Amino acid sequence: MFKINQKYKIHWEITDICNVKCPMCPRTDIVNYCRAVKEIETTQFFLDDVKRLFPDKFLEKITRIDFCGNFGDPCMAQEFYEICEFLVKNYNITIMASTNGSMRNPAWWKKFGELLADTESWFEFHIDGLRDTNHLYRIGANWDKIMENVEAFIAGGAQADWHYILFKHNQHQLAEAHALAHDMGFDHFVPTLSSRFPHGGKYRFLHPSGDMVDLERATISIPHKIEKPGTGQPHKSHTSVAEKDPNINCKSASKNRFFLDSRGYISPCCWVTNRDVKRPGDMLKALTKAGKDIDDYNIRNKSIEEILTDDLFTETFPALWLSDDLATCRKKCGDKRLNYKVKLRLE
Ligand SMILES: C[S@@+](CC[C@H](N)C(=O)[O-])C[C@H]1O[C@@H](n2cnc3c(N)ncnc32)[C@H](O)[C@@H]1O
Ligand code: SF4
Ligand code: SF4
């Protein structure tokens with residue numbers, strides 16, 4: 001699956017800590033007032049861990065790190081800035097970070113923007129609505145804080161994209177959010193239709209207030225042509241980011257990109273991990289088939305390249321794909337049920 005003679009990419013969940021409670025996030029327990037599910041261990045990497053666990057020669061082979069993950073927000077990791085500074089300044093690694101943007105203060109965000117200025121790196125701010133709607137999904141997020149943080153980050157000189165998950169409650173604000181993204185200096189605006197709604201289009205959860213609330217699927221489709229703010233003209237270009245492929249075509253193998261969770265476990269991708277909370281575990285299936293112990297895939301116990309060249313990845317997974325035995329792989333990298341999104345360049 002992974003090629004040690006080629007450059008690597010990492011999808012890294014640097015922490016499982018978060019400051020907000022999005023109901024459809026796997027960290028959120030929707031029958032327990034949106035508190036964190038019991039699997040959360042509040043783990044994170046510190047700069048010392050990175051220096052100790054990633055050999056210099058390995059870091060030289062990394063071209064890009066996507067800081068996202070299943071259970072946390074990278075900007076909640078205590079030394080996230082220091083870790084990125086170390087990776088960018090010493091190894092010239094391109095950084096992407098996905099965040100709700102509602103933590104820390106503008107000085108921290110400005111410093112981060114300056115670190116990433118004039119590089120290929122960028123942040124994705126996940127802001128699903130405007131002042132009166134963003135918190136209906138991003139429960140606990142503070143609108144004013146997000147706005148001042150984003151302003152500071154962009155003023156620092158880095159690239160930023162605004163990702164906007166569409167719900168029935170925020171679909172009427174799409175054009176306004178798009179115009180605001182343009183005025184604030186975002187680089188892209190990315191409206192997204194979530195694949196996480198069950199059949200029927202309603203997702204019920206117990207809100208921290210004690211009320212039962214229904215999230216409702218958007219009733220509009222993503223407009224392919226959104227007017228360029230203030231011009232009356234459509235955007236010149238957009239990129240559709242939904243593909244179809246009837247066979248299993250492992251995205252991690254083709255990108256030489258592995259997933260590292262906040263406790264140090266390596267797995268092929270964020271969909272196939274040993275901490276599946278809301279879906280059956282294909283990682284566990286592969287481990288059982290190969291007769292392996294999960295703790296041998298933790299970088300705190302073994303070297304990274306020893307793990308990446310283990311026969312679990314070189315033999316077991318490819319064999320399971322051939323026999324079409326991994327439901328998640330079929331769903332994610334075979335016939336698709338992905339989020340549908342369109343990336344609009346803001347000029
Ligand atoms: C667990 S989050 C980690 C990163 C960060 N905390 C964030 O929210 O951007 C992983 C990804 O899931 C996305 N996500 C959250 N709720 C979603 C939903 N209902 N549908 C599709 N994607 C969702 C987030 O926006 C983020 O890109
Ligand atoms: S901000 Fe990200 S990690 Fe936090 S609850 Fe929302 S989706 Fe989950
Ligand atoms: S879902 Fe399966 S096939 Fe797709 S990237 Fe993950 S491991 Fe590879």
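Colleague: What span should helix α3 have, at 1.5 Å a residue?
Modeller: This is a predicted model, to begin with. Helix α3 covers residues 80–91, twelve residues, so 16 Å should be its span. Its end C-alpha atoms are 16 Å apart, which agrees.

Colleague: Which residues of α3 are buried?
Modeller: F80, I83, C84 and L87. Down the axis of α3, the buried residues fall within an arc of 95°, so they line one face of the helix.

Colleague: And what does the face turned away from the buried side carry?
Modeller: Two exposed residues of α3, K89 and N90.

Colleague: Where does N92 sit?
Modeller: In the loop between α3 and β5. N92 is not a glycine.

Colleague: Is N92 buried or exposed?
Modeller: Exposed. N92 has 12 other C-beta atoms within 10 Å, and a residue counts as exposed at 12 or fewer.

Colleague: What about C34, what is its phi?
Modeller: Near 65°, also positive, and C34 is a residue other than glycine. C34 is in the loop between β2 (28–29) and β3 (35–36).

Colleague: Why does C34 count as buried?
Modeller: Because C34 has 22 C-beta neighbours inside 10 Å, and the cut-off for buried is 20 or more.

Colleague: Switching to the core. How many residues are in the largest nonpolar core?
Modeller: The largest nonpolar core has 76 residues. I95, F153, A160, W162 and Y164 have the most contacts inside it. Helix α6 (residues 143–156) gives the largest share of this core, five residues.

Colleague: What does I95 touch?
Modeller: Leaving out residues up to four places away in sequence, I95 touches I65, F67, C84, L87, V88, L116 and S121. C84 and L87 are among the buried residues of α3.

Colleague: Now ligands. Which residues are closest to ligand 1?
Modeller: M24, D73, S98, H126 and S194. They are among the 16 residues that surround ligand 1. By class, that shell has six nonpolar, eight polar and two charged residues.

Colleague: And ligand 3, how does its shell divide by class?
Modeller: Eight nonpolar, two polar and two charged. The residues around ligand 3 include C250, C269, C329 and C333, as well as K251 and K332.

Colleague: Which elements give two or more residues to the shell around ligand 3?
Modeller: α8 (251–255) and α12 (327–333). The largest share of the shell around ligand 3, four residues, is from α12.

Definitions and conventions:
Residues are numbered from 1 along each chain as its sequence is written. Chains are lettered from A and ligands numbered from 1 in the order in which they are written. This is a predicted model: local features need pLDDT of at least 70, side-chain atom pairs count only at pLDDT 80 or more; totals for chains, interfaces and linings use all residues. A nonpolar core is a set of buried Ala, Val, Leu, Ile, Met, Phe, Trp, Tyr and Cys residues joined through C-beta atoms within 7 Å. Two residues are in contact if their C-beta atoms, placed from the backbone, lie within 7 Å. A residue is near a molecule or strand if its C-beta atom, placed from the backbone, lies within 6 Å of it. Ala, Val, Leu, Ile, Met, Phe, Trp, Tyr, Cys and Pro count as nonpolar, Asp, Glu, Lys and Arg as charged, and the others, Gly among them, as polar. The expected span of a helix is 1.5 Å times one less than its number of residues. The arc is that of the directions from the helix axis to the C-beta atoms.
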